[in-house]
Amino acid sequence: MMKHTPFRSIMPIAKRPDLIFEHGSGSWLYDDKENKYLDFIQGWAVNTFGHSSRLISETLCRQAGKLINASPAFYNQPMIDCANTLTRHSVFDQVFFTNSGAEANEGAIKLARKWGAKHKNGAYKIITFENGFHGRTLTTMAASGKAAFSDLFEPKTPGFIKVPFNNAKAVEAAIDSQTVAIMLEPIQGEAGVIPAADEFMYAIKELASKHALLLIFDEVQTGVGRTGELFAYQFYAIEPDIMTLGKGLGGGVPIAALLAKSEVSVFEYGDQGGTYNGNPLMTTVANAVVNEVSKPVFLKQINEKGNYLKQQLEQLSRAFSLGEIRGKGLLLALNTKSRNAPNIVQTCLDNGLLLNAPRENCLRFMPALNISRQEIDQMLDILNKVLKHET
Ligand SMILES: *Cc1c(COP(=O)(O)O)cnc(C)c1O
């Protein structure tokens, strides 16, 4: 069927437009015909400073000429520096670096089970949430609450009890003597940017204390400045026991991390590892990203841009009788009500704007964290035009 396309050697794992992207700069992405696109997807909330930022390309080049991989059997300086940076800026004590968010979450699940084996009579069940997303390994698919995953690749890893999000009663009802942890995204990203309600978070924290359960925050999407705080847990008066990071941590390069408080950091030799884990090429970039994003001036401008985008989207929503704006910082979504969001995304693409529709009635905005107001206005102009003509 795809025999004569240039894509014939690529496994068809997603419906992709017939475009080949060639280079990028900041908020702009260019295809091989030099068409330019304003990018509000940014590698899926990955390119913290936009495409090919100087900070990232220079850091990569410098490290590439120095040391790329010393082996996971040895320490290297960037690994140490990055772990220190992450623990200094968070409530966690130890870090294990991975290559993807799924792998970090897989590690979080293993760590919770290990803790349960050591400290809670072998408790292993983890309460997770409907429509939650934790990755695409078999175990993180089992942890996810994505309906499309439920019948795939059976049998999956057992031990995940799924309950409705923002429903503390359902969480309480699901707890039994074998429960070891509650795992959630502070803002469910793939579900359509659904924030956890404050009351829900406080109730969850209480349940976790009462039943000696670990709290695992999957901040693969919300972490590293995306929501306007360095980490989304900082919005709540809550300290999780375990947190995972990915996406924006590398600003575009593949690195993720599993962080834990010392009481919970119970891996022993041989429990966890990986050939590329903690390599200096990626950890040096992540260290540069976190050092930059954690600067108060940088976080402040994320909030300014996020507030501006939110206000403008509210205006646009009123003008077209659409629904609410959800999310925080520069992770925002617009409820398109009866308008078909995937169709809007397609027309935006035809007009040089890359947007994402995680649901049939939801547009998600995840621009570079250093996007300019002018670029936000350009995005709104295109979206405005598209909404006028698209029915
Ligand atoms: C993207 C994402 C993951 C998976 O990360 P990968 O790097 O694609 O494996 C896990 N959890 C959340 C919340 C995500 O947004």
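Glu268 is partly exposed, with a relative accessible area of 43%. The structure is a predicted model, in which local features need a pLDDT of at least 70 and side-chain atom pairs count only at pLDDT 80 or more, whereas totals for chains, interfaces and linings use all residues. Residues are numbered from 1 along each chain as its sequence is written, and side-chain values use heavy atoms, with hydrogens and water left out.

The side chain of Glu268 forms a salt bridge with Lys114, and the closest N and O atoms are 2.6 Å apart. This pair links distant parts of the chain, 154 residues apart: Glu268 is in the loop between strand S12 (256-260) and helix H8 (280-293), and Lys114 is in helix H4 (residues 101-119). A salt bridge is counted when a side-chain nitrogen of Lys or Arg is within 4 Å of a carboxyl oxygen of Asp or Glu. Helices (H or I, at least four residues) and strands (E, at least two) are DSSP runs, numbered from the N terminus.

Lys114 also meets the side chain of Asp271 in a salt bridge, with 2.8 Å from N to O. Asp271 lies in the loop between S12 and H8 and Lys114 in helix H4, so this pair ties together parts that are 157 residues apart in sequence. Lys114 is buried, at a relative accessible area of 19%, while Asp271 counts as partly exposed at 25%.

The structure holds 12 salt bridges. Another of them joins Asp32 to Lys33, where the closest N and O atoms are 3.7 Å apart. In this pair, Asp32 is partly exposed, with a relative accessible area of 36%, and Lys33 is exposed, with 63%.

Helix H7 has 13 residues, which at 1.5 Å a residue should span 18 Å; the end C-alpha atoms are 18 Å apart, in agreement with this. The expected span is 1.5 Å times one less than the number of residues in the helix. The buried residues of H7 are Phe200, Met201, Ile204, Leu207 and Ala208. Seen down the helix axis, these buried residues fall within an arc of 125°, so they line one face of H7. The arc is taken from the directions from the helix axis to the C-beta atoms. An α-helix has 3.6 residues a turn, so residues three or four places apart point the same way. The buried residues pack against strand S5 (125-129), helix H6 (168-174), strand S7 (179-184) and S10, with contact taken as heavy atoms within 4.5 Å. The face turned away from the buried side carries the exposed residues Glu199, Glu206, Ser209 and Lys210.

Most residues other than glycine have a negative phi, and most peptide bonds are trans. H7 is followed by Ala212, whose phi is positive, near 50°. Ala212 is placed in the loop between helix H7 (198-210) and strand S10 (214-218) and is partly exposed, with a relative accessible area of 40%. Lys337, likewise not a glycine, has a positive phi of about 55°; Lys337 lies in the loop between strand S14 (331-335) and helix H10 (341-350). The peptide bond from Glu154 to Pro155 is cis, with omega near -5°, and Pro155 is found in the loop between helix H5 (138-143) and strand S6 (160-163).

Notes
Buried means under 20% relative accessible area, exposed over 50%, partly exposed in between (1.4 Å probe, protein chains only).
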